[in-house]
Amino acid sequence: MFAFTVRRILQAIVVMLVISFIGFAIKHNFGDPVRELVGERVTPEERAQIRERLGLNDPFLVQYSRFLVDALHGDLGRSFFFKRPVTEVILSKAPATLELVFCASLIVILLSVPAGIHAAIYPRRLLSRFIMGSSIVGVSIPVFLTAIMLIYIFSVELGWLPSFGRGETVLLFGFWESGLLTKDGLLHLIMPSVALSSIMLPLFIRLVRSEMMEVLESEYVKFAWAKGLQPRRVWYVHAFKNTLLPVITVGGVQLGIMVAFTILTETVFQWQGMGSMFIESVSRADTALMVSYIVVVGAIFVVVNTMVDLIYGLVNPTVRVAGRQ
Amino acid sequence: MGKLLSIEHLNVDFAMRTETLRAVDNVSLAVHRGERLGLVGESGAGKSVLGFSIINLISKPGYIDSGRVVFQGQDISTYNDEQMRTIRGNRISMIFQDPMMTLNPVLTIGAQMKETLLAHASISDAEATAICLEKLRKVYISSPGKRLTQFPHEFSGGMRQRIVIAISLLTNPALIIADEPTTALDVTIQAEIMDLLLELCESDRMGLLLITHDLAVVSQVTQRIAVMYAGTIVELGPTGDIINRPQHPYTRGLLGALPQKAGDSRRLNQIPGVMPGLAKIPPGCPFNDRCNMAGDICHEKRPPLIVKQSGNQVACHMVD
């Protein structure tokens, strides 16, 4: 397990290097740090001097390694709009996004597993047909439409839920603005999480169902029946444990993708997270912020994937042994 | 010898999209107490379907259309799922073909053994462990205590099949149905596994229904052989008689295709043609289009399985 963990972490580092390289290439080609530093009145000669002093005339790789060293020290540059280090800006926006993704993932996992299993075990039942039918509908409706419909029904018509913002938040550990601890914050979380999960939930139901159906056809499940085990044991121990393996690999990646999916949801619900921050930074041409968003989201993605692989290693005994050798 | 299992006029159908196919056609067969019966035939002859239909575990869309399966005096073909569950793995155990696929890859051997015991008897975990260890020793697995905590991928194919056999022995069943238990193993291991099965059946007086296409394997282990062709039994008799004096043209063809029976001719004898698919079984005798003895009657009437002069039961118009 130790060797397996080390290997996975090394792979993650390589992926992060590639992401940082792409990020830097964007910054190098599109951003003009001088514009971000000085006003309109500075003459071209002075600009050239500043460029030289900042090392912007150095070869690409030299600049990249400098960027990398700075990034490792937590310095990804300054946002010219916020006039603050981008890490600070992102850190202040991250909790909103992560809590949103966390709640949406919770909805996806808690609903898709029982629904998928039911649809796999009883494919002919009415409830299964309903689950599969509505999952097709769910996956075909775009997130922004789901979000707007939710707002129309539950905020405008019924007036049950707030339509925008995070509501009342509590400051944790001095930097984490959490909406999970107040009733108002939780109420604000409901619709954005439902909207965000609306795409992933049907995909997960279909994934769980198809994997489970495949496993139910396997020889070892047939043998489990031939041993005279109770149906519960065959389904939830023999079949489900094997269903989990592919669901963890595919599912983990999908949950990582959800971090990037928040852009739409955050925009519709005016959720002050990284997604809406990214959209704003694009319209303001805030290159440093854009690039660091890409790097940070990439990092989240890599961390999620690495964790997924480690969990997979825990569930699948053959991987554990491969790691031991 | 009393009858342990008696299959009476069993028909098993598969409901396909456009038609219903009969995979097992009016089969009657008995296994006596402690008897080892071989069920032989080509792939697709319906051997496995027949085996699985005994414990009503036929893959969809197959189902028992009519007939009875009487086990220890009770018609178990009418049992519901819960009643059948108390038979499966308890009084009738199964051994599957491919030991690589039979054991669940994510559960330990111990878990897969104990659950069988706990599903059929209310015993403590410690008692279950003790029985598992005893059965593992019986199939000659070394250091069984350590094995219980291991996963299937840590074993070789032959060892896995021993473990599957140990699982089938756990509840001291009256009958074991072994569906091609050695087909997926290499030849030296095959002999080892067959010897083990033979030894266990003899020592515990267990009934064995051995399903295989391998005539060498059945002749080694069984007392009687039933030959199956296209869903029907074409010949049934004591192993020695079937092997040495086959009556039915199909059985003769099968034995003639064996290297040691082919005699001096350098080429192996072949039965011309292939076994018809379930949808294309000819009227009359199902073997008529491949048979060199077939007459007019063979195309009109299906021959019944009756005792002939030799003493074997043969389903052929042309054998006296």
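Which residues in α10(A) meet residues in α12(A)? In this predicted model, local features require pLDDT of at least 70 and side-chain atom pairs count only at pLDDT 80 or more, while totals for chains, interfaces and linings use all residues. Residues are numbered from 1 along each chain as its sequence is written, and chains are lettered from A and ligands numbered from 1 in the order in which they are written.

Helices (H or I, at least four residues) and strands (E, at least two) are DSSP runs numbered from the N terminus. On α10(A), Leu244(A), Leu245(A), Ile248(A), Thr249(A), Gly252(A), Val253(A), Leu255(A), Gly256(A), Val259(A) and Ala260(A) meet Val297(A), Ile300(A), Phe301(A), Val304(A), Asn305(A), Val308(A), Ile311(A), Tyr312(A) and Val315(A) of α12(A); contact requires C-beta atoms, placed from the backbone, within 7 Å. This contact comprises 15 nonpolar, four polar and no charged residues (Ala, Val, Leu, Ile, Met, Phe, Trp, Tyr, Cys and Pro count as nonpolar, Asp, Glu, Lys and Arg as charged, and the others, Gly among them, as polar).

Between the chains, the contact draws 17 residues from chain A and 23 residues from chain B. Elements giving two or more residues to the chain A side are α9 (219-226), α10 (231-268) and α13 (317-324). The most, six residues, come from α9(A).

In chain B, eight strands form an open sheet of mixed pairing, ordered β6-β7-β8-β3-β9-β10-β12-β11; strands pair if DSSP finds at least two bridges between them. Strands β3 (residues 36-40) and β9 (residues 224-229) of chain B run parallel and are joined by four bridges, with Val227(B) in β9(B) as the bridge partner of Val40(B).

Definitions and conventions
Contact = placed C-beta atoms within 7 Å.
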